[in-house]
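Good morning, and thank you for coming.

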Amino acid sequence: FPPLSIQNVTEKDLYKKVNLLIDQNVNFLKAYEMLTPNQFQALSNIAKENNLKLTGHVPLSMDVISASNMGLNSMEHFRNFELSVSKDSKELLRKRKRLLKNLQNFSGAKLRSSIHSLQRMDAINNIDSVKLNQVIDVLAKNQTWQIPTLFLYRTFANKTFKLNSWMENFNSFPSDVRSDWINKISKIDDKINKDRQAYSNWALGIVNLMNNKGVQFMAGTDAPIFFLIPGLSLHDEVAMLSEGGLSNLEAIKSATYNPSKYFGMEKELGSIKPGQIADLLILKKNPLENISNTKEIEAVIKNGNFMNRKYLDSLLKK
């Protein structure tokens with residue numbers, strides 16, 4: 001995916017291109033799942049040398065424990081977690097390594113999708129509870145945080161974006177973006193994929209187990225992937241983390257305090273204290289009582305500017 005990532009054929013490529021990014025003052029590095037173990041180790045070394053966080057997908061050529069032990073600071077989407085906690089995880093890894101030789105010369109996107117199709121549901125249907133707990137214990141010990149994007153999975157599985165109530169949110173978009181999204185959605189069929197629903201439900205069920213074992217969470221959505229609404233989708237992700245087993249306070253922290261802690265920015269943001277960046281939502285109702293109350297916004301304080309509900313509504317009308 002050239003708009004989103006940089007291809008690296010050799011480790012030399014990786015060092016050269018990643019250092020170009022670091023020269024541009026990037027905030028963190030993200031590993032996608034087509035890296036080799038050696039490339040992943042090199043990327044981890046670069047991140048450590050430059051005091052940068054390394055997030056991303058567990059490479060298909062590896063298992064979760066190896067990636068976490070090498071220095072993966074956080075995992076996106078639980079991506080490929082299930083492959084490491086299956087009863088036949090070693091055999092699945094052996095098959096993946098063979099498939100990754102790509103004798104059929106697939107594009108990277110097609111290759112990884114084909115591997116997901118072959119292994120994901122097989123893994124989920126054969127979870128080994130002992131391996132599951134062992135892997136989660138390693139994540140907790142290594143402080144490998146999770147950004148599960150639960151709402152992304154549910155939206156994709158249920159095709160919620162086809163609902164009229166969903167598309168009404170597009171009225172706040174620039175007209176060209178709105179037209180583009182509506183046109184793309186109109187070309188998607190209504191058929192529901194049961195495997196995607198099963199995967200979404202499985203991911204939701206993992207949250208409570210990880211949380212109880214001390215794995216830490218941050219809220220992320222991947223908006224605008226699968227027509228997720230920027231801003232609004234973050235509220236939905238927080239609500240799903242609560243549904244998954246986090247307390248309402250823990251779910252709120254996943255979008256406020258926890259990211260500041262992850263990036264070592266607790267002295268700048270994430271809490272309501274003197275000297276902190278004062279970007280705040282003022283709510284009408286208590287989200288500790290009902291997590292959906294994060295959407296009951298009375299006012300916003302942004303860059304020192306107070307915007308009441310009347311002013312916010314005027315922005316929406318524009």
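Predicted model: local features only at pLDDT ≥ 70, side-chain atom pairs only at ≥ 80, totals over all residues.

**The parallel sheet**

Ala 31 has Gly 56 of strand S2 standing opposite. Residues are numbered from 1 along each chain as its sequence is written, and side-chain values use heavy atoms, with hydrogens and water left out.

S1 and strand S2, residues 53-56, run parallel and are joined by four bridges. Two strands pair if DSSP finds at least two bridges between them; helices (H or I, at least four residues) and strands (E, at least two) are DSSP runs, numbered from the N terminus. The open sheet has four strands in the order S1-S2-S3-S4, with parallel pairing. Strand S1 (28-31) and strand S4 (145-147) each have a single partner strand, so one side of each is left without a neighbour in the sheet. From one strand to the next, the twist averages 25 degrees.

Helix H2, residues 37-49, lies across S1 and S2 and runs at about 170 degrees to S1. Here axes are lines fitted to C-alpha atoms, for helices over the stretch in contact (heavy atoms within 4.5 Å), and angles run from 0 to 180 degrees between N-to-C directions.

Where does Glu 82 lie? Glu 82 is in the loop between strand S3 (74-76) and helix H4 (89-99). At 1% relative accessibility, Glu 82 counts as buried, the term meaning under 20% relative accessible area with a 1.4 Å probe, protein chains only. Leaving aside residues up to four places away in sequence, Glu 82 touches several residues, including Arg 120, Tyr 199 and Trp 202.

Arg 120 in turn lies over the face of Tyr 199, at 4.3 Å from the ring centre; the criterion is CZ of Arg, or NZ of Lys, within 6 Å of the ring centre and within 35 degrees of the ring normal. Lys 53 lies likewise over the face of Tyr 262, at 5.0 Å from the ring centre.

Finally, the hairpin. Strand S6 (residues 297-302) and strand S7 (residues 305-308) pair in the antiparallel sense over four bridges, and Lys 302 has Asn 305 in S7 as bridge partner. Two residues lie between S6 and S7, and Asn 303 in the turn has a positive phi of about 55 degrees.

Note on methods: Buried < 20%, exposed > 50% of the residue type's maximum accessible area, 1.4 Å probe, protein only.
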